[in-house]
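Dear colleague,

Please find below the structure that I am handing over to you. My notes on it follow directly after.

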Amino acid sequence: MILRSRSVGELRVEEDSLLYFADGVIGFEDLKRFVLAEVKEFEPFMWLISADEPEIGFAIADPGLFFEGRYEVPLGDADKDALDLQTGDTVSIFVIVSIADGGRRICANLKGPVVLNTRSRMCKQVVIYNPAYSVRQALLAPNEARPACAEAIARDRAAIRG
């Protein structure tokens, strides 16, 4: 299938590369199928693009790049079931990235990470009830951010809001 998105342009996507969210993403519960797009000029960020509505996408990042050894995502039994976790499976953790303070900061939602079972391709956005984590944890100061990524995130947020 071919997806067209303002964030990343045209993507050719194979069905077996789709990620599945049984519960959707918070605020977008009806969207279940996503694709993970890596775009060189946006590194270290990636895009989680809806295969159902390609104009809806989220910038995401590996929190290990910013919070090495200091960020833990506890998974309850219901989370493990939703992810179809089996013995020996590995998970990848991502945080949704946003622009805060009128574009002056790039932030990560540490309270709502996305967990991916790399075997089953099942995903779940989990909620972490840890007061040490914020929904707007600063990742990069403006001079550290790649302008193309910051502009694309701001453009996508504006498009989603209508």
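Proline 74 is located in the loop between β6 and α1; here helices (H or I, at least four residues) and strands (E, at least two) are DSSP runs, numbered from the N terminus. With a relative accessibility of 56%, proline 74 counts as exposed. Apart from neighbours within four places in sequence, proline 74 is in contact with Asp79 and Ile128, contact being heavy atoms within 4.5 Å. Its C-alpha atom is separated by 9.0 Å from that of valine 126, a residue 52 places away along the chain.

Before the remaining findings, a note on provenance. This is a predicted model, in which local features need pLDDT of at least 70 and side-chain atom pairs count only at pLDDT 80 or more, while totals for chains, interfaces and linings use all residues. Residues are numbered from 1 along each chain as its sequence is written, and side-chain values use heavy atoms, with hydrogens and water left out.

On confidence, pLDDT is the predictor's confidence in each residue, from 0 to 100. The protein averages a pLDDT of 83, and 81% of the residues score at least 70. Among its elements, β9 has the highest mean pLDDT (97), whereas helix α2 (residues 147-161) has the lowest (51). Where pLDDT is low, the predicted coordinates should not be read in detail.

Turning to the nonpolar interior, a nonpolar core is taken as a set of buried Ala, Val, Leu, Ile, Met, Phe, Trp, Tyr and Cys residues joined through side-chain atoms within 4.5 Å. The largest such core has 28 residues, and those with the most contacts inside it are Phe45, Trp47, Tyr71, Val97, Leu110 and Leu139. At least two residues of this core come from each of β4, β5, β6, β7 and β8; β8 provides the largest share, four residues. Which residues does tyrosine 71 contact, leaving aside its neighbours within four places in sequence? Tyrosine 71 is in contact with Pro63, Ile93, Val95, Leu110, Pro113, Ile128 and Tyr133. There is also a second, separate core of 16 residues, which includes Phe21, Val25, Leu48 and Leu116.

Next, the charged pairs. How many salt bridges does the model contain? The count comes to five, where a salt bridge is a side-chain nitrogen of Lys or Arg within 4 Å of a carboxyl oxygen of Asp or Glu. One of them joins glutamate 15 and arginine 33, with the closest N and O atoms 3.8 Å apart. This pair links distant parts of the chain, 18 residues apart: glutamate 15 is in the loop between β2 (9-12) and β3 (19-21), and arginine 33 is in strand β4 (residues 33-37). Glutamate 15 is partly exposed at 45% relative accessibility, as is arginine 33 at 23%.

Arginine 33 also meets aspartate 52 in a salt bridge, at 2.9 Å from N to O. Because aspartate 52 lies in the loop between β5 (46-50) and β6 (57-61) and arginine 33 in strand β4, the pair ties together parts that are 19 residues apart in sequence. Aspartate 52 is partly exposed, at 35% relative accessibility.

A further salt bridge is formed by aspartate 89 and arginine 119, whose closest N and O atoms are 2.8 Å apart. Aspartate 89 lies in the loop between α1 (77-82) and β7 (91-100) and arginine 119 in the loop between β8 (105-117) and β9 (122-125), so this pair ties together parts that are 30 residues apart in sequence. Arginine 119 is partly exposed, with a relative accessible area of 41%. Through shared partners, salt bridges join Glu15, Arg33 and Asp52 into one network.

As for cysteines, the count of disulfides is zero, a disulfide being a pair of cysteine sulfur atoms within 2.5 Å. Cysteine 107 is buried at 0% relative accessibility, and cysteine 123 is buried with a relative accessible area of 3%.

Finally, two backbone points. Aspartate 84, in the loop between α1 and β7, has a phi near 55°, a positive value in a residue other than glycine. Aspartate 84 is partly exposed at 33% relative accessibility. Arginine 121, in the loop between β8 and β9, has a positive phi of about 65° although it is not a glycine. Arginine 121 is partly exposed at 27% relative accessibility.

With kind regards

Note on methods
Buried means under 20% relative accessible area, exposed over 50%, partly exposed in between (1.4 Å probe, protein chains only).
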